[in-house]
Amino acid sequence: QVQLVESGGGLVQPGGSLRLSCAASGSILQSIMGWYRQAPGKQRELVSRITSGGSTNYADSVKGRFTISRDNARNTVYLQMNSLKPEDTAVYYCNLDGLVGVRRREVWGQGTLVTVSS
C-alpha cells in the first residue's frame, strides 16, 4: 500500500540551509501533505502544510525562513529550510492526509533527523 520516503536531513551549522523531500507512492488523490517535527521529551508539532491546490500554512516559529512546496505529478512534498537555528533541531516527519486508493488515509513517513549545531 501507500509509502512515504523521506530524505535530506543531516547536521548543519546555525544559519545554514537544508532541503527535505518526501515522496509518496500509490494511487493518491486530493491530499494535504505536511511536515511535523518532534524533539526528545516533547510532543510532535506542525511545521507546515500544503494542499493539492497549493494553499499553505506555517508555524509562527518558521515563517519567513521555511518554504513548503509540492509536485502533484510526483506526489512529492519539499521543505526548504533557511537561516536554521539550534531550536530547529528535531526529527522531521512527513505526513499525508488524503484519498489513497478508494479510502481516506493518514500516513506518516519514517522521520529524518535535522541537527543544528556549531
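The count of salt bridges comes to 6, where a salt bridge is a side-chain nitrogen of Lys or Arg within 4 Å of a carboxyl oxygen of Asp or Glu. The structure is a predicted model, in which local features need pLDDT of at least 70 and side-chain atom pairs count only at pLDDT 80 or more, while totals for chains, interfaces and linings use all residues. Residues are numbered from 1 along each chain as its sequence is written, and side-chain values use heavy atoms, with hydrogens and water left out.

Asp97 pairs with Arg104, their closest N and O atoms lying 2.9 Å apart. Asp97 has 21% relative accessibility and therefore counts as partly exposed, whereas Arg104, at 67%, counts as exposed; here buried means under 20% relative accessible area, exposed over 50%, and partly exposed in between (1.4 Å probe, protein chains only). Asp60 and Lys63 are joined through their side chains in a salt bridge of 3.2 Å, N to O. Asp60 is classed as exposed because its relative accessibility is 67%. In the salt bridge between Arg74 and Asp71, the N to O distance is 4.0 Å. Arg74 is exposed at 60% relative accessibility, and Asp71 is partly exposed at 28%. Beyond these pairs, a network of salt bridges links Arg37, Glu45, Arg65 and Asp88.

Attention can now turn to the aromatic rings. The structure holds 1 aromatic pair; rings of Phe, Tyr and Trp (its six-membered ring) pair if their centres lie within 6.5 Å, and planes under 30 degrees apart count as stacked, over 60 as edge-to-face and the rest as tilted. The partners are Tyr36 and Trp108, whose ring centres are 5.0 Å apart and whose planes stand at 65°, so the arrangement is edge-to-face. Tyr36 counts as buried because its relative accessibility is 16%, while Trp108, with 34%, counts as partly exposed.

Trp108 also takes part in a contact with a charge. The charged end of Arg44 sits over the ring of Trp108, 4.5 Å from its centre, the rule being that NZ of Lys or CZ of Arg is within 6 Å of the ring centre and within 35 degrees of the ring normal. Arg44 lies over the face of Tyr93 as well, at 3.8 Å from the ring centre.
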